[in-house]
Amino acid sequence: MVRWDISLFGFGGQGIIRGGQILGEAAVLEGKDAALTVAYGPEQIGGWSRADVVISDEPIDFPLITKPDVLIVMSQEGLDRSFNEGRAPKKLLIYDSGLVDVSKVKGINMVGLPATKVAEQLGRRLVANIMMLGAFSEITKIVKHESLLNVIKKTFPKAVELNERIFMEGVRYAKESGVIV
Amino acid sequence: MTEGLLPPGKYFMQGNIACAEAALIAGCRFFAGYPITPSSEILEWMSYRLPQVGGHFIQMEDEIASIMAVLGASNAGAKSMTATSGPGFSLMQEGIGFGMMTETPCVIVNVQRGGPSTGIPTLVGQGDMMQAKWGSHGDYEAIVYVPNSVQEMFDLTIKAFNTSEEYRQPVILMSDQVISHMYGSLVVPPHEEIKIVNRKLPNVPPSIPDFKPFDSRYEVPPMALAGMGYRVHVTGLTHDERGYPYYTHEVSTWCVKHLVSKVRNNAKKIWEVERFMLDDADTIIITYGITSRPAYQAVKMARSEGIKAGMLRLITAWPFPDEIVREVSEQAKVIIVPEINMGQMIHPVKEAAECLVVGLSWAPGAVPTPDVILDTIRAVSR
């Protein structure tokens, strides 16, 4: 059985949980099993926010994550909390290089991309999470680009082009990083 | 009939939303409730969806009023539902007893969180399992289902409505914070393949003299609804088959025995369990709901260490499947009962089992990991 434990961590308003929903739905539509559990601080906007996604080729037994294989992090607090709580990723760290300082992280495959900055340049900071998903998809190949793009299109029918464009930006950054897991 | 309902297909959906959509497919057209974490999404979703399918939603002033509104709507003919969590479930207990006594079908969803009292509103618990059975005063037989996945939030909600209509009494769905808030895969079959049960209505005209709304010739009497023209007295007082309060031991004996035996006589039909790796198992986990999820993994890990582990998962918690537990216990050296409470379902297991029974009591606020359950399996199988 191939099981992937993926944790997305950031703050409220970045679309962390939405990112988890998109990832899980794409996996389910590919015929895999997926489970998403979420955790967040008391504030709606600005508080910490975490989405844990389990994706597996077989039915998932335990739907919770104790230590992720992949951590996608979009805030410094997200990185610090993950590492302090024994939830450092086993295989891969993907981070927003404009928001997260990873200078203390050692011995883990890492890919940084300026997702929020690129999203701002494209005119909509909200789509940064989609760039993270593009990079994640390119490196891990757990779900296909096409599946994710289909779900993204369905979820945001009014911003199809923008989302596709930033998704492919994420793919490009991931390719250029040369990181493989 | 299927217009406006969730179409067949594959979804990635939250447990609470799957429950609400299933209720609509089961025919629920009335919801009364009061928001409480972690059940609120059911109420929110019903407030949005019910008007779309011609149903009615009302947010009441509290949980006491909510359950009473549900019972009223059901007596007027609507399949009805409410959803709540621990503190709200406590408030509903008197109304649940009223529903049992008046034989009013309805579904109550309790999304368990950490307790007692307000406890930990946002985190998981399984501390209401005994309350679901014994929460209201007097004698009745609760029917309680415990889902362990988003798919079962869907399937068992429909089943809860069907059972409730079939036996003419409230049925309780005992979810928990993790199963309810989790997103998971859901397959909705073609609607025509989904079994829907509707309550039996009287087959005599309202004009007949001596109409008996609780006719003792039936195990489950057909239900005369308000507005159909029958003379019906719906009361929480001990009543005879005419529905009139009557205080003799003879009538009390008939009334109470009728309430419990319609469930007891059909318990085997109501019981549902999952048998996981049980064939040659001698170290057997008996659990339910979210706690079964780490248990699957713990059983597999134990097997890889050469321990003959297996699991019996309770899908029906009440009426308690005692004969199944007894039968399983005959092959067991030891039974382990992990649950997120200080020891509740271990009691009926002990009553039924003919082997050593060990509890794994886990405080609310977190789900035990597979390692925790594995450690107990290792310890007791030595």
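This is a predicted model: local features need pLDDT of at least 70, side-chain atom pairs count only at pLDDT 80 or more; totals for chains, interfaces and linings use all residues.
View 1. A disulfide is a covalent bond between the sulfur atoms of two cysteines. Take B:Cys19, which is in no disulfide: the nearest cysteine sulfur belongs to B:Cys28 and is 9.3 Å away. Turn to B:Cys28 and you find that B:Cys19 has the nearest cysteine sulfur, 9.3 Å away, and that B:Cys28 is in no disulfide either.

**View 2. An open sheet in chain B.** Five strands line up here in the order E10-E12-E11-E14-E15, and their pairing is mixed. Strand E10 (273-276) and strand E15 (356-361) of chain B stand at the edges; each has a single partner strand, so one side of each lacks a neighbour in the sheet. On average, neighbouring strands are turned by 20 degrees against each other, direction ignored.

**View 3. Two parallel strands of the sheet.** Strand E11 (residues 283-287) and strand E14 (residues 334-339) of chain B run parallel and are joined by three bridges. Look for B:Ile284, which stands opposite B:Ile335 in E14 of chain B.

**View 4. A helix packed on the sheet.** Helix H11 (residues 322-329) of chain B packs on this sheet, touching E10, E11, strand E12 (309-314) and E14 of chain B. The direction of H11 makes about 15 degrees with that of E10 in chain B.

Methods. Residues are numbered from 1 along each chain as its sequence is written. Chains are lettered from A and ligands numbered from 1 in the order in which they are written. Side-chain values use heavy atoms; hydrogens and water are left out. Two strands pair if DSSP finds at least two bridges between them. Helices (H or I, at least four residues) and strands (E, at least two) are DSSP runs, numbered from the N terminus. Axes are lines fitted to C-alpha atoms, for helices over the stretch in contact, and angles run from 0 to 180 degrees between N-to-C directions. Contact means heavy atoms within 4.5 Å. A disulfide is a pair of cysteine sulfur atoms within 2.5 Å.
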